[in-house]
Amino acid sequence: MKAAKIIMKCLKEEDVNLVFGYPGGAVLPLFEAMRESDIEHVLVRNEQSLVHYASGYYRSTGKVGVCIATSGPGATNTITGIATAYLDSIPVVLITGQVNTDLLGTDAFQEADIKGATEPFTKHSYLIKDANDIPRVFKEAFYLANSGRKGPVLIDIPRNVQEENIKYQKCEEINIIGYQPTLLGHRGQVKRAINKIKDSQRPVIYAGGGVILAEAEKQLLEFAEKNKIPIINSLMGLGSFPQDNPLYAGIVGSHGYQYSNRIISRADLLIVIGARMSDRATGRFHQLNSNLQYIHIDIDPAEIGKNIEAMVPIVGDAKLILENLTTKDISVDTSNWLEEIESIREALPINMDMQPGCNYINPKEIIASISDITDDSACVVADVGLNQIWAALYYKLTAKRSYFTSGGLGTMGYSLPAASGVKIGNPQRQVICIMGDGSFQMTLGELAVIREQNIGIKIILFNNQRLGMVKGLQDNFYGKNHNCGVHLECKIEFTKLAEAYSIPAYKVDTIESFREVFSQVMQNDEPCLIQCLIDPEYTAF
Ligand SMILES: Cc1ncc(C[n+]2csc(CCOP(=O)(O)OP(=O)(O)O)c2C)c(N)n1
């Protein structure tokens with residue numbers, strides 16, 4: 001049987017029914033085999049977006065996203081997507097075509113060493129030189145992508161290997177030397193953690209994206225409620241805990257709530273669960289509170305001790321460890337601490353005001369209106385920039401996975417393809433894509449896919465004619481009127497652009513008109529774009 005056909009068989013064995021791709025000479029055999037299979041193909045418009053689609057698809061289905069790109073420029077175009085998935089621990093399997101094996105290393109037409117290029121930011125990458133390895137490599141790749149700390153895996157396959165005729169031999173067993181994720185957590189460390197929590201007076205749980213990846217939301221809620229410990233989220237952890245729960249205490253970091261940062265400064269113990277402790281979120285923790293002690297729970301042993309020194313490290317699966325901790329009698333009395341948190345919250349309320357001198361619509365009110373009008377199935381996919389921060393701070397999330405963004409790499413252009421992947425994977429959900437005008441221009445070619453596949457996402461485009469977040473940084477560091485390279489001066493009529501793709505579009509400049517248009521478009525399942533005019537001077541807070 002042709003190796004390319006065997007690859008389709010391997011995908012079917014992993015329950016793959018849909019692949020995001022972009023063809024080229026080096027993957028012709030694969031596309032021919034796909035044509036003959038019942039695997040659906042979504043033709044994207046730029047490989048830059050490929051992995052973002054697959055990542056959105058995973059986030060709404062829990063199934064590993066799969067992409068195919070050709071060799072050379074096709075493969076190198078995927079690099080940003082791969083790095084984005086890597087930093088957010090999203091399981092994706094990316095298949096790239098490669099030049100024939102006898103041409104490897106000769107700078108052949110469209111040759112690029114994609115395995116070498118992506119090795120630092122894939123969980124693993126393969127170059128298959130012998131077609132007989134295909135079943136084993138595919139089995140391993142899916143297992144690696146979706147176990148332990150999840151992440152992208154790349155499989156590079158020369159064209160002549162795809163064309164080889166071999167006998168198919170199913171791979172029944174996986175045996176990857178040295179790879180055995182620890183799940184349960186060391187008993188002794190769990191005991192120490194319990195004692196630490198018992199001894200604390202002002203404990204806080206810091207829940208990251210790892211809680212969502214481990215599907216541990218229910219366990220987190222039970223543990224927190226049983227022991228009355230407040231919860232703070234990282235950006236990636238948003239959606240892991242219901243925000244209407246009294247124990248919810250916001251998001252921290254340079255763009256977090258003031259009250260949450262104040263809580264950190266008063267805490268005596270931080271129970272970190274599935275968070276990288278990235279500099280953006282926690283860079284100031286030490287300055288805020290040099291006495292803070294840490295328990296760090298993570299599936300990836302390399303995380304522990306990387307950015308913070310944990311008093312009690314526990315390597316394991318967040319769900320299993322939380323389940324275990326919840327069965328124990330911890331009996332920590334946090335009533336005074338919760339009262340103090342309440343008074344901090346009252347003293348530092350969330351600021352919904354416009355800044356003085358600002359005209360146009362208040363972006364915070366737009367996000368709050370989206371929160372009001374959407375239903376329980378809704379999910380917000382935010383891009384990068386001010387729009388991302390506004391969406392994180394002012395959209396009221398319930399505990400369902402409902403806020404997705406490129407938190408680790410901070411990749412502009414992420415949201416349009418990722419939101420499309422979420423909707424393709426889960427057509428029943430309402431999906432709102434929030435972008436700035438800069439980010440939109442990075443991946444707007446994907447509008448064609450949205451129209452073609454009738455992907456009913458609602459694109460909320462914040463047009464401030466600026467690379468807003470960078471403008472804000474320049475204002476802060478160098479003073480007002482010292483901007484360079486952040487003005488998007490060309491006045492683009494984004495509504496016409498959407499209409500060119502036959503996507504209904506609206507332009508609004510008051511909150512009343514936004515609410516009216518948004519309520520109306522939420523009645524149908526059609527894609528649409530709403531361009532909101534935002535004051536170029538308006539910054540994050
Ligand atoms: C691919 C990429 N290039 C550059 C940046 C640096 N960057 C971060 S935010 C930002 C501005 C985003 O502007 P826009 O999309 O208009 O959103 P706004 O901040 O105005 O809401 C830039 C340039 C980035 N994060 N990603």
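Reply: The ligand takes up the space of the second largest pocket. A pocket here is an open set of points on a 1 Å grid over the protein atoms alone, with protein on both sides within 12 Å along at least five of seven lines. A molecule sits in a pocket if more than half of its atoms lie within 2 Å of its grid points.

Helix 20 gives the most, with four residues. Helices are DSSP runs of H or I with at least four residues, numbered from the N terminus.

This is a predicted model, where local features need pLDDT of at least 70 and side-chain atom pairs count only at pLDDT 80 or more, while totals for chains, interfaces and linings use all residues. Residues are numbered from 1 along each chain as its sequence is written, and side-chain values use heavy atoms, with hydrogens and water left out.

Now the shell itself. In total, 17 residues surround the ligand. A residue counts as near if one of its heavy atoms lies within 4 Å of the molecule. The closest are Leu386, Gly410, Gly438, Ser439 and Gly468. By class, the shell has seven nonpolar, eight polar and two charged residues. Gly counts as polar here, Leu as nonpolar, and Asp, Glu, Lys and Arg as charged.

Next, the polar contacts, which are pairs of N or O atoms within 3.5 Å. The side chain of Ser439 places an N or O atom 2.5 Å from an oxygen atom of the ligand. Backbone atoms take part too. A polar backbone atom of Arg466 is 3.0 Å from a ligand oxygen. For Met469, a backbone N or O atom also lies 3.0 Å from an oxygen atom of the ligand.

Last comes cover. On its own, the ligand has 590 Å² of accessible area, and the protein covers 78% of this. Such areas come from the Shrake-Rupley method with a 1.4 Å probe.

How values were computed: Polar contact = N/O pair within 3.5 Å; in protein donor to acceptor, adjacent residues only side chain to side chain. 1 Å grid on protein atoms, 1.4 Å probe; cavity = no way out; pocket = protein on both sides within 12 Å on 5 of 7 lines; lining within 4 Å. Helix = DSSP H or I, 4+ residues; strand = E, 2+ residues; numbered from the N terminus.
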